[in-house]
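Visitor: I would like to learn how to read this structure feature by feature. Could you walk me through it?

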Protein chains: 2
Amino acid sequence: MGLVVQKYGGSSVADAEGIKRVAKRIVDTKKLGHEVVVVVSAMGDTTDELIDLAQQVSPIPAGRELDMLLTSGERISMALLAMAIKNLGVEARSFTGSQAGVITDSVHNKARIIDVTPGRIRSALDEDAVAIVAGFQGVSQDTKDITTLGRGGSDTTAVALAAALDAEVCEIYTDVDGVFTADPRVVKKARKIDRISYQEMLELAASGSKVLHLRCVEYARRYNMPVHVRSSFSGLEGTWVRSESEGDDVEQAIISGVAHDTSEAKVTVVGVPDKPGEAAKIFRTVADAEINIDMVVQNVSAASTGRTDISFTLPMTDGHKAIESLTKAQDEIGFESLRYDDQIGKISLVGAGMRSHPGVTAEFFEALSNAGVNIELISTSEIRISVVCRADQVPTAIQAVHTAFGLDAETEEAVVYGGTGR
Amino acid sequence: MGLVVQKYGGSSVADAEGIKRVAKRIVDTKKLGHEVVVVVSAMGDTTDELIDLAQQVSPIPAGRELDMLLTSGERISMALLAMAIKNLGVEARSFTGSQAGVITDSVHNKARIIDVTPGRIRSALDEDAVAIVAGFQGVSQDTKDITTLGRGGSDTTAVALAAALDAEVCEIYTDVDGVFTADPRVVKKARKIDRISYQEMLELAASGSKVLHLRCVEYARRYNMPVHVRSSFSGLEGTWVRSESEGDDVEQAIISGVAHDTSEAKVTVVGVPDKPGEAAKIFRTVADAEINIDMVVQNVSAASTGRTDISFTLPMTDGHKAIESLTKAQDEIGFESLRYDDQIGKISLVGAGMRSHPGVTAEFFEALSNAGVNIELISTSEIRISVVCRADQVPTAIQAVHTAFGLDAETEEAVVYGGTGR
């Protein structure tokens, strides 16, 4: 029996009852003979409540202090969980990110893990204790300050610890039964995916699927750590995320799923002089403002004016910053005006099988067209096609695509139990 | 301008408004040219709420995990306070007990400070920042686990840091204007004490005065650190606690104040064989259960039976444990039965002047007798007399003694602003 890392999100430990239920599940796993390391998020809405408090005392809370504040959330849930486990007669010890050896860079509020040195966790396991670790947090290698990994960071903590401890599997417990072929809140006949490759999961996560955090999947792929996404409210098998070669499917599904994202906005830079280096100036300006852009499209230049338009999408939360930095650089870049549109939605079709099935793109566009959805931007990777349309057309669009690719289940099988953790 | 350590209790930082008010006061101190270190408690009722949560998941929460849980309280208040100060344009950095170098023993829930190594605090001050330190918490020297100092521990943190940093003064901000001649909630005409010696303050704290924690005063005396107890809600001078020789009073008051304590219970061990070693067995049994006893009285032995009764007082919260451990040892000790009484109250009269005024004891007993208060136990030190009476007679008793010793103010001067911190 090997070592298992289990991660429980905020909705699983939202109150004392939830904590006791999770404790029971952990004790059951331990009694099967596994070594168990548990990564836990803050209870329910704690993080949002703390952010709200921060904004009451300071409109722009300092990053270092915000991290100090937010990390109290996991401190509460992990201590309570350890108590609840001990109450069931099994030894348990809680550890902060720093105590667990989660070493990060110094970028507050979105630090990256650079090393994991889980000496104290290993000792606790050797003494037959369950180790409970605060998700989402670490300690800066340079400044020794407390850092947080950003939203979804607890998943990353779990996989990073699993890799460092050479775990058999990293189980991510959530409030749905696994990864679905589409968001079951939108597509009622979405089906649970039993097995998916790291690469497909990466594309789904990058395209707006909320079940697993992108950096967590990247980490899992890099260390080849099998991830089992499952519900903390049921005993069902969930979705296994692992390397493609390990799959034992004879016939692979062409399409794994459809993801959507309505958290992005579109910026159009109008009247850009059509000469080399102009696009570079625009994207350098945006990059200097530390904004990650997603899709980019350059319109065909109008020969008569010698000018062109460049559009890109970015997280809506970065919209203001992007407009501000581009406006400052307007004279240098020489564009005419800016347009900002946050009423957009992105639909992405993901599947490793599409590599060898050239008809997928055509079928995708036909499905959207038949549903009356107008496509505004297109971007593709080897195993993904994404389009941007109007935000209010997203539900129609996903449903149409889901049906067209034969992904619909015979009945509505998904059960959504609670909110989302981090 | 020297270094000032300021400690703010939970009632001073109970909400965002309180935190902003405290931030303003800290910034004002900094702008006077002082180096400022701030020790802060958890917001309002946070600690009690966390204890309540712990009890929901486990009837007897593990000490290590309870400390992990409770320390999240100061983490929240200190981060918010640092944000609020930065928002006023002054640099501030928050530090956990561990980061501030508060090294303790390993006794969870009531650890003792064994060393303070405030290197990071000194660095923050050198960089012109205000250092905010979590009160009440430290890190165990042996196990590196997080510890807490017990109720009132934040005061001790403040004085210990002040001593380690060679501060000019340690200011303890609270919800009353200082130390009073009696609890102003009970005695309406209690007067604020302007100056008091460490020894008198120790006796008051040990006798139930809640304003300063006993260990904090012990620490202050050991390091000869002047403590200024004052209100965070007003700008008034409070009470200075410092060594007797530093006082410039020509004529010292005979009596400093009257303290009371209704948190104790009385255990009577009935029918103890009247021979050498019996009392020792009883108190060894109680000490082995880690219970601190307060007053002790042995009745005159009844010659006919060869047996005697021994009574002692102890914190009510330890009552169950004491009865349990004595009952287990009943055969060995050979007593007949146990009586338990938690309807008692203790009144103490404290004053350095009583050393040279022999009439004080008589006057004290007369005042009580005139008020119809029956005395059950008596204990004295060089500068204190304490008696135990019925709990419901405590208000009458204190008022009578306060008036008899001329301590009443002409008007009701005390203002009580909020709850009590820790």
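Predicted model: local features only at pLDDT ≥ 70, side-chain atom pairs only at ≥ 80, totals over all residues.

Visitor: In what order do the four strands of the open sheet in chain A lie?

Guide: The order is E5-E4-E7-E8 (chain A), and the pairing is mixed. Strand E5 (113-116) and strand E8 (146-148) of chain A are the edge strands, each pairing on one side only. On average, neighbouring strands of this sheet are turned by 45° against each other, direction ignored.

Visitor: Which helix lies across E7 and E8 of chain A?

Guide: That is helix H3 (residues 63-87) of chain A, which runs at about 75° to E8(A). Helix H3 of chain A also holds Glu74(A), a residue we can look at next.

Visitor: Which residues does the UniProt annotation "binding site" cover in chain A?

Guide: According to the UniProt record, an unreviewed entry, the "binding site" annotation covers Thr47(A) and Glu74(A). They are spread over 28 residues of sequence yet cluster in space, with a largest C-alpha distance of 9.1 Å. Thr47(A) sits in helix H2 (residues 46-57) of chain A.

Visitor: Is Glu74(A) buried or exposed?

Guide: A residue is called buried when its relative accessible area is under 20%. Glu74(A) has 0%, so it is buried. Thr47(A), with 7%, is buried as well.

Visitor: And where does Glu363(B) stand, buried, exposed or in between?

Guide: Glu363(B), in helix H11 (residues 360-370) of chain B, is partly exposed, with a relative accessible area of 36%. Leaving aside neighbours within four places in sequence, Glu363(B) is in contact with Ala404(B) and Phe405(B). The C-alpha atoms of Glu363(B) and Val401(B) are separated by 8.8 Å, although the two residues are 38 apart along the chain.

Visitor: What rotation superposes chain B on chain A?

Guide: In general, two copies of a chain are related by a rotation about an axis and a shift along it. In this case the rotation is 179° with 0.1 Å of shift along the axis, giving an RMSD of 0.2 Å. That is the relation of a two-fold axis. In chain B, the C-alpha nearest the axis belongs to Ser72(B), 2.5 Å from it.

Visitor: Through what surface do the copies meet?

Guide: Of the interface residues of chain B, 100% are also interface residues in chain A, so the copies meet through the same surface.

Methods. Residues numbered from 1 in each chain as written. Chains lettered and ligands numbered in written order. Heavy atoms only, no water. Least-squares fit on C-alpha atoms with pLDDT ≥ 70 in both. Contact = heavy atoms within 4.5 Å. Pairing = 2+ DSSP bridges. Helix = DSSP H or I, 4+ residues; strand = E, 2+ residues; numbered from the N terminus. Axes fitted to C-alpha atoms, helices over the stretch in contact; angles between N-to-C directions. Buried < 20%, exposed > 50% of the residue type's maximum accessible area, 1.4 Å probe, protein only. UniProt positions renumbered as here; feature names shortened; annotations may be inferred.
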